Amino acid sequence: MSRFVGHGQDEVTPADQLTPVEAHLDAILAMLPRPEPIALRTADALGLVLAETAVCEVTLPATDNSAMDGYALIADDLAAASRAQPVRLAVTGEVVAGAEDPPTVARGTCVRIMTGAPIPPGADAVVPVELTVAEEGDRVAFHLTARVGDNIRRAGEDLVPGTELVAAGRRVAPADVALLTAAGVTSVVCIPAPRVVIMSTGDELVPADREPAPGRVRDSNGPMLAAMVRATGGVPFVTGAVPDDHDALREAFESNLGHADLFVCTGGASAGTRDLLADVIAELGDVESVKVAMRPGMPQIRGRIGVVPVIGLPGNPVSSYVSFEVFVRPAIRALQGRRDVHRPTVVARAIEPLSAPPHKRGYLRVRLAREGAGWTVRPTGAQGSHLVTSIAQADGLAVVPEAVTEVKVGDEVRVMLLVDG
């Protein structure tokens, strides 16, 4: 019962007892371990950050090749070509993509060639088939002149040995996979996706597929946070709901630490008699309980068990959701080796009033709309921390500074965009 103590204060948490949002986030980021890079197949590296720069060791294209379906020839043979008097050349062979021994082009002849096929010896230009007229006797009429190099892709035009392909610190995109594969890079050294264990705590929680008895609720935090981890690029492991019991909580930690790069818990972070989370973390490692100057999401826990950082979030779904966005998402992205750990923001004009508590940063669930070159914003409805509908309908979080308690119609407010990427 030691936690459940009244202090006779005039408000639940005076301003001088609040921890700034940035201070708590900085403390979380500071306790994260340094990511350990691994070698992965190039095809499996999509979305991951490279730990080492990938460098080209080949020439691409490897040989001169045709940019068009047409005829490979000697450009000087067409010097006299015109509409009135076309030049006619004999077709002496054909070259397709992948050919290893193309025929030689002699003066007064040409070779049928396909896109990507190697330029045959002797040829110095390609004329597209659409600009020619086929005639009897395997001859072709050319009505236009050609220049040396026309429609030829030169060897090394794209890549040469020593070219930097993808720099360390870059997140691998689909085009990077194509580039690396084309250059013959079959594996890359990158930061693996962090493994995030998610544990919901509370005697009142039941699995999503079970009908809750009176006083019980379905555990929505576990599936929600797992989805958020996956959307952020992490690999979620869900323990399922764990009751507010010392031994059960300790067992949940000890049995899951082995496959965790980060442990995220919900519930048990406040002042109730059954809020045991901080005590159990303290037994296994280090912990700090803080009241952060924000709403929703004031009660927060941060700690470490061995090398595994632990973040404890409030149990109310909205508080858990907002806290994830503000604290956990940046931590996961930092564990990925990413520098862009924060959500993008826009400035929007309020078309309905927004209110926030004094001394705390308000994170209000809002809907954004485009208006000309700018944005407008309105709340999704009631902002209670238990109202799951308010986050399901939101595409942004309006961030109201600690010194502001009201955003009036027409005022501008910064909005965190709830978009992935």
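Me: Where in the chain is Pro61 found?
Reply: This is a predicted model, and in it Pro61 sits in the loop between E3 and strand E4 (65–66). The peptide bond leading from Leu60 to Pro61 is cis, with omega near -10 degrees.

Me: Which peptide bond is cis with omega near -5 degrees?
Reply: The bond from Arg295 to Pro296. Pro296 belongs to the loop between strand E20 (294–295) and strand E21 (299–305).

Me: What makes the contact of H4 with H5?
Reply: From H4 come His246, Leu249, Arg250, Phe253 and Glu254, and from H5 come Leu277, Val280, Ile281, Glu283 and Leu284. Six of these residues are nonpolar, one is polar and three are charged.

Me: Why is H3 called roughly parallel to H6?
Reply: The axes of helix H3 (residues 221–232) and H6 cross at roughly 30 degrees and come within 11 Å. Because angles under 35 degrees count as roughly parallel, H3 is roughly parallel to H6. The crossing is right-handed.

Me: Which residues of H3 and H6 meet?
Reply: H3 contributes Asn221, Met224, Leu225, Met228, Val229 and Thr232, while H6 contributes Pro317, Ser320, Tyr321, Phe324, Glu325, Arg329, Ile332 and Arg333. The contact divides into eight nonpolar, three polar and three charged residues.

Me: How do you know whether Ser320 is buried or exposed?
Reply: Its relative accessible area is 0%. Buried means under 20%, so Ser320 is buried. Ser320 lies in helix H6 (residues 317–335). Apart from neighbours within four places in sequence, Ser320 is in contact with Asn221, Met224, Leu225, Thr266, Leu313 and Pro314.

Me: Which residues of helix H2 are buried?
Reply: In helix H2 (residues 174–182), these are Asp176, Val177 and Leu180. They cover an arc of only 105 degrees around the axis, so they lie on the same side of H2. An α-helix has 3.6 residues a turn, so residues three or four places apart point the same way.

Me: What do the buried residues of H2 pack against, and which residues are exposed on the other side?
Reply: The buried residues of H2 pack against strand E3 (54–55), strand E12 (164–166) and strand E13 (187–191). Pro174 and Ala175 are exposed on the other side of H2. Just after H2, Gly184 has a positive phi of about 80 degrees.

Me: Why is Asn151 called partly exposed?
Reply: Asn151 has a relative accessibility of 28%. Buried means under 20% and exposed means over 50%, so Asn151 falls in between and counts as partly exposed. Asn151 lies in the loop between strand E10 (139–142) and strand E11 (152–153). Its phi is positive, about 60 degrees, although Asn151 is not a glycine.

Me: What makes His359 partly exposed?
Reply: The value is 42% relative accessibility. That is between the 20% and 50% cut-offs, so His359 counts as partly exposed. His359 is in the loop between strand E24 (354–355) and strand E25 (361–371). Phi of His359 is near 70 degrees, a positive value in a residue other than glycine.

How values were computed
Residues are numbered from 1 along each chain as its sequence is written. This is a predicted model: local features need pLDDT of at least 70, side-chain atom pairs count only at pLDDT 80 or more; totals for chains, interfaces and linings use all residues. Side-chain values use heavy atoms; hydrogens and water are left out. Contact means heavy atoms within 4.5 Å. Helices (H or I, at least four residues) and strands (E, at least two) are DSSP runs, numbered from the N terminus. Ala, Val, Leu, Ile, Met, Phe, Trp, Tyr, Cys and Pro count as nonpolar, Asp, Glu, Lys and Arg as charged, and the others, Gly among them, as polar. Buried means under 20% relative accessible area, exposed over 50%, partly exposed in between (1.4 Å probe, protein chains only). The arc is that of the directions from the helix axis to the C-beta atoms. Axes are lines fitted to C-alpha atoms, for helices over the stretch in contact, and angles run from 0 to 180 degrees between N-to-C directions. Angles under 35 degrees count as roughly parallel, over 145 as roughly antiparallel, 65 to 115 as roughly perpendicular and the rest as oblique. A crossing is left-handed if the near helix is turned anticlockwise from the far one by less than a right angle, and right-handed if clockwise.
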